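Please read it beside the coordinates.

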Amino acid sequence: MVTTIEHLPALPLRNYIRCYCLREIDTHGTDLLKAIHAIDQSFMTFWLSNTPLLYETDKGVQQINIKQRQLLGIPSCFQGHQTYNGKYCFFTVHFRANGFFRIFNIPMCHLSDHLLHSDDLIGKNVQFLQEQLEEAGNMEEMTSAADQYFLTALLKNKAKNTVDNITAAANTILRHHDTVNIKALAQQVNMSLRGFEQHFAEQVGITPRLFARVVRFNKVLLLKTMHPHKNWTDIAHSCGYFDQMHLVKDFKVFSGHSPRSFLQQLPPPRENFIKTVDGY
C-alpha cells in the first residue's frame, strides 16, 4: 500500500518546483519493485525512516544510504529498479526541468542519469532542512520548512540567472511536446539554435529534443494509467508517434521493456492520493 500527499510550493517557486511529496509505503513483507524509468524531472529525497532500500542497475545491486539526501538528475533512459521491503516514509522535492539549476546555479549537464548526495552539491546546511522535516508534525509544516529553504536559495542565486528563457522553453515542450519545432522554439526565446541547445543541456541536463521525447513517453504512461483499456496504437497516435513500433522503440529505451511487458511485469502499486496537484 502506498499513501501519497502532494503540496504545491510557494508561488515564487512554482516555475522551478512542481510539488513536494510525502510518501508512505508498507509492502507487508513482500518485495515491491519500482522501475526507474526516464522522466522529465529531477528529484531530491529526504528519508524519514530507516528501512533499507536496494537499488539495482546494470552495475549490480547496492543498498542506498538513506542517511544521505539523494539527488536524482533527470533520468534520460532506463536506470534499473528500486526494491522496497518493509515500511518507508520519505519527503521528495520534484524539480521542474531546469528547476534545480535555477535555484542553486549548479549546471545539470553532468548530473543527469546520476544518483548523487545533495550535500556534496549544495552544502551541508541542507541537513537543517532534514531535521525540520523530521520534527514536523504534518505535511503543512514540512511544506513551510521546504519553502523557506528553497526560497532562500533562489533569492541568493536569482541575480546570477535573470533570464528565464530555458524555463519558458521547457514549459512549452511540456505542454506541446508532439508539435514543438526546436528551431522555432529557439527563435521564440530569442536564442540561436546552437546557443539554445547548449544552454538547455546545461540547465536541464539533456538536449531539448531528448527532453521532448522523454516528456512524450511520460504522457503515454499517464494516458495508459488513466485509460488502461485504451489500445497502444490509439495512444501512440494521440501522443504524436508515427506508429506503434515508434512507441515500442522509445519505450524500450526509456523503461527497459516493451509497453506490454512493462505493465505486466511491473504493475504500479495500489496508491492512495490524499491530495494531488496539477502540473503543466
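1. The crossing of α3 and α4 is right-handed, a crossing being left-handed if the near helix is turned anticlockwise from the far one by less than a right angle, and right-handed if clockwise. Helices (H or I, at least four residues) and strands (E, at least two) are DSSP runs, numbered from the N terminus. This is a predicted model, in which local features need pLDDT of at least 70 and side-chain atom pairs count only at pLDDT 80 or more, while totals for chains, interfaces and linings use all residues. Residues are numbered from 1 along each chain as its sequence is written, and side-chain values use heavy atoms, with hydrogens and water left out.

2. Helix α3 (residues 126-135) packs on helix α4 (residues 139-157) at an angle of about 165°, their axes lying 9 Å apart. Axes are lines fitted to C-alpha atoms, for helices over the stretch in contact, and angles run from 0 to 180 degrees between N-to-C directions. The two helices α3 and α4 are therefore roughly antiparallel (over 145 degrees; under 35 counts as roughly parallel, 65 to 115 as roughly perpendicular and the rest as oblique).

3. On the α3 side the contact (heavy atoms within 4.5 Å) is made by Val126, Leu129, Gln132 and Leu133, and on the α4 side by Met142, Ala145, Ala146, Tyr149 and Phe150. By class, this contact of α3 with α4 has eight nonpolar residues, one polar and no charged. Here Ala, Val, Leu, Ile, Met, Phe, Trp, Tyr, Cys and Pro count as nonpolar, Asp, Glu, Lys and Arg as charged, and the others, Gly among them, as polar.

4. Helix α5 (residues 165-176) and helix α7 (residues 193-204) pack at about 85°, with axes 10 Å apart, which makes α5 roughly perpendicular to α7. Ile166, Ala169, Ala170 and Ile173 of α5 meet Phe196, His199, Phe200, Gln203 and Val204 of α7. Seven of these contact residues are nonpolar, two polar and none charged.

5. Helix α5 also packs with helix α8 (residues 208-226), at an angle of about 35° and with axes 9 Å apart. The crossing of α5 and α8 is right-handed. Ala170, Ile173 and Leu174 in α5 meet Pro208, Phe211, Ala212 and Val215 in α8; this contact has seven nonpolar residues, no polar and no charged.

6. Which strand supplies the largest share of the lining of the second largest pocket? That share, three residues, comes from β10. β5 (54-57), β6 (60-63) and β10 (115-117) each supply at least two lining residues. The lining divides into five nonpolar, nine polar and three charged residues.
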